[in-house]
Amino acid sequence: MVENNVLKVEDLHVSYGPIRALRGVSIEVQEGEIVVLIGANGAGKTTLVESILGITHAQSGRVLFMGREITHAKTEHIVASGISLIPEGRGILPLMTVMENLQLGAHHVKGDANENLGLIYKCFPVLRDRTKQMAGTLSGGEQQMLSIARGLMSKPKLMMLDEPSLGLAPTIMRELFKTIVELNKTGYTILLSEQNARQALQCAHRGYVFETGEVVLSGAAQELANNKRVLQAYLGGVI
Amino acid sequence: MEIFIAQLINAIALGSVYALLVTGFNLLVVVGGIFPFAYSHIVVLSMYMCWFAMKVTGDNLLAGILAGVFAGTGFSFITEPIFRPLAKRGAVLGSFIVAMAMSLIITEIMSQKLNMGIVISFPQSLQGEEALIRFGAATITAGQIGTVVGSIGAGFGFFFLLYRTKQGRAFRAMGQSPFSARLLGIPIVKTRIYAYIIAGLLGGISAVFLAMALGTASSSLGDNLALKVMAVAMFAGVGNLGGGLVAALILGLSEGMVLAYLPGDWSQAIAFGMIMVVVMIRPKGLFGTMA
Amino acid sequence: MSLGLYYYFQLTAIFIMLGWTLYWVYRIGQLNNAPIAIMAIGAYLSAYAVLKWGWPFGLAMPFAVICGAAFALIPALSLGRAPAFAMVIATIALIFIMQTVFRNLPWFGGSIGLFGIPKIKSLLWITYGVLVFFGILIFRFDHSRLGRAADVIFEDRDVAGTLGINIYLFSVCLQVMTGVMGTVAGVLYAFTIRTVIPVYFGFPFLLAITTFIFVGGYTTMWGVIVFTPILWGIPIILPESVAVYKNFIYGILLMGTLLLRSEGVIDRRFLHRLHMNTGIMVKRLFRGLKKSET
């Protein structure tokens, strides 16, 4: 079978000391998909995303990116090979300007870092007007946009977003998910981790449901959205 | 009156060297993630290397300068692996104690092995024999001018690096949030090593200027300088580069002026005074810390 | 008792006391070097009182202690709420300043200092009496609510705050208490060596004490007790040519310990295992005794 896998995680086990955060998690992301991870706080979504990026050490299991194993690779190499993480809480640098934050997104890009800038400003026109502003003075929604824009600067083959809707007002949240869908249409492969299950499942192709470090359900996003268990646990009950 | 001006120039020269030292110190704090108590001691050790080089080359100015600069850079580079496990754990107090131990080792080496513990004095050629400007009873030497100009130059160079280059951005990113820096693919260990190298470079340059400004060095100079550098850093806010410059000049000026009227011992008292003032009124420093 | 042995026992006790001063304040995560500086006050004032005013030792000691405590209070009030590194720097600076002050003030003999301090009978008993007294204090502290509160402060200051622990008050009290211990140590030191010179109370001395506690183990009071006699006793036995590198060796030991076994030799795991093993041994002993009875 021809593998169109951008990302493949096989039976990953991650522990923080005696606490087992991930117990044998396996997921895969195909090119051009939006895959969503849903689950409560502490279920292991962030741990998975950070393990993929090499920030957290895995005890066993494998992570394959574009067919190559990156399980124990250094974060800087993983990022350079084309994975971007937009972390929970945005992770922008408040004491640096918008432009500098964007430039940092292209830090490891060898060529002209600004070639993606045009596309990014089209997606996020707000940022163009604020290039010299200190990132810390932006609103929550604008910071989220900056965070995503920064992740785009390096034209990543896989974008991972960890709880991007956290702390955002409902209208901004809708804009955010619209943006994610648009980016996906332009060709970006996206792995999304969200507590806001409803909106996330609406824009995704496939999803995985996490509970205490394990994948308990997986399948097409539509099916998951209609699944009784998921409805009860995350979508406010059966209608 | 002319004597006052001469002392003022001396004080400015001293202050500008302190500014360089504080900058190197802050860089190690912010990017290195440690408390570099032994930084000043490495600088003094470099002064010894400069002196030694001049001795064996018959007072060759260039040899002395190169020796000092390379020594500073090299010694700083060597200490990076020692602090690496502590920086990784974020153990700042632990790094302080290690640095304290290191400083004592360096002081012991200087007081026992180098020049058999006798105070070293730098040849006149380092201070610029020909007085450049003379008015009344006061003279300004080439050394003093060189120090001020050189420090300003080095300072500008550093700030250019920090605010206009890719590596500088990486430094600032790491200083503000090592986690975010990691996510962006900034190589953490390599960046830290660069920081040590640059701090060492600044230290080496400072060593040469200090040799010019002070004319002598001894094993106790390390502790003396360390206290002043920390006082300045605390006064301005540890990690605050811009504030550090201003505070360094303040210290240099007050010290230069006080030295004219009180024995050298008491110059440390000013540094102590600055520390206590800051601690009592604004523990985060007058201009606030960086991160 | 030979003079050498006398010095060894005296100074070991004094250094253990000083190690405890560092240990006690570090229990709440602050590195307070002031006791070394305050030691100078204790030494100089008590020596001065006895030499120049003709006071008896019994009067000079409390006098010095009161002065030391008062002096410890002043920086304590502002350092109590300062960030950790501020306290370290300020107290190191204090050491330098104290040396400068005592070296330059006319009454204390400058660099030569004070000498000819009279011998005190049964100083050894007094010293060990004081040592045991402080030891009991610290032991009771460690095994009380206060000790547990200190543990919380060390782990997470914010949590401690939410539990209603007043960190500032805690810190000030500890600083004054250790200031008193430092003063007492200083007095005892002066009357053991019978000379007081500024160079004693300086940075190398601070480093030696720091080495004793951090190599010995800073999570427990026993680390200092076990390692002080070893670490400061061995250089005495060594030949002169090696002993001169004492500070060097202390520095390397300190660095090595912090990098490799960060809690010190006697760390919590060691104590835990010791506790368990002792418990097992005691139980076996009991069983053995019971068996022999039947």
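Domain bounds are those of an automatic or database domain assignment. For chain C this assignment gives domain 1 (1–201) and domain 2 (203–294), whose C-alpha centres lie 22 Å apart. The structure is a predicted model, in which local features need pLDDT of at least 70 and side-chain atom pairs count only at pLDDT 80 or more, while totals for chains, interfaces and linings use all residues. Residues are numbered from 1 along each chain as its sequence is written, and chains are lettered from A and ligands numbered from 1 in the order in which they are written.

Contact between two residues requires that their C-beta atoms, placed from the backbone, lie within 7 Å. Between the two domains of chain C, the contact takes 18 residues from domain 1 and 16 residues from domain 2. On the domain 1 side, helix H1 (3–26) and helix H5 (123–142) of chain C each supply at least two residues; helices (H or I, at least four residues) and strands (E, at least two) are DSSP runs, numbered from the N terminus. The largest share of that side, 10 residues, comes from H1(C). By class, the domain 1 side holds 14 nonpolar, three polar and one charged residue. Nonpolar denotes Ala, Val, Leu, Ile, Met, Phe, Trp, Tyr, Cys and Pro, charged denotes Asp, Glu, Lys and Arg, and polar denotes the others, Gly among them.

Chain C is also touched by chain B, with 30 residues of chain B in contact with 31 residues of chain C. Helices H4 (92–112), H10 (221–236) and H12 (267–281) of chain B are the elements that give two or more residues to the chain B side. H4(B) provides the largest share of this side, 12 residues. The chain B side consists of 25 nonpolar, two polar and three charged residues.

Chain B itself has 12 helices and four strands. Its radius of gyration (over C-alpha atoms) is 18 Å, close to the 19 Å that the globule rule (2.2 Å times the number of residues to the power 0.38) gives for 291 residues, so chain B is as compact as a globular protein of that length. Of these 291 residues, 58% count as buried (20 or more other C-beta atoms within 10 Å of the residue's own, with C-beta atoms placed from the backbone).

In chain A, strand S1 (residues 5–16) and strand S4 (residues 60–65) run antiparallel and are joined by five bridges; strands pair if DSSP finds at least two bridges between them. Leu7(A) has Phe65(A) as its bridge partner in S4(A). S4(A) also pairs in the antiparallel sense with strand S5 (residues 68–69) of chain A, over two bridges, and Leu64(A) stands opposite Glu69(A) there.

How values were computed. A residue is buried if 20 or more other C-beta atoms lie within 10 Å of its own, exposed if 12 or fewer, and partly exposed in between; C-beta atoms are placed from the backbone.
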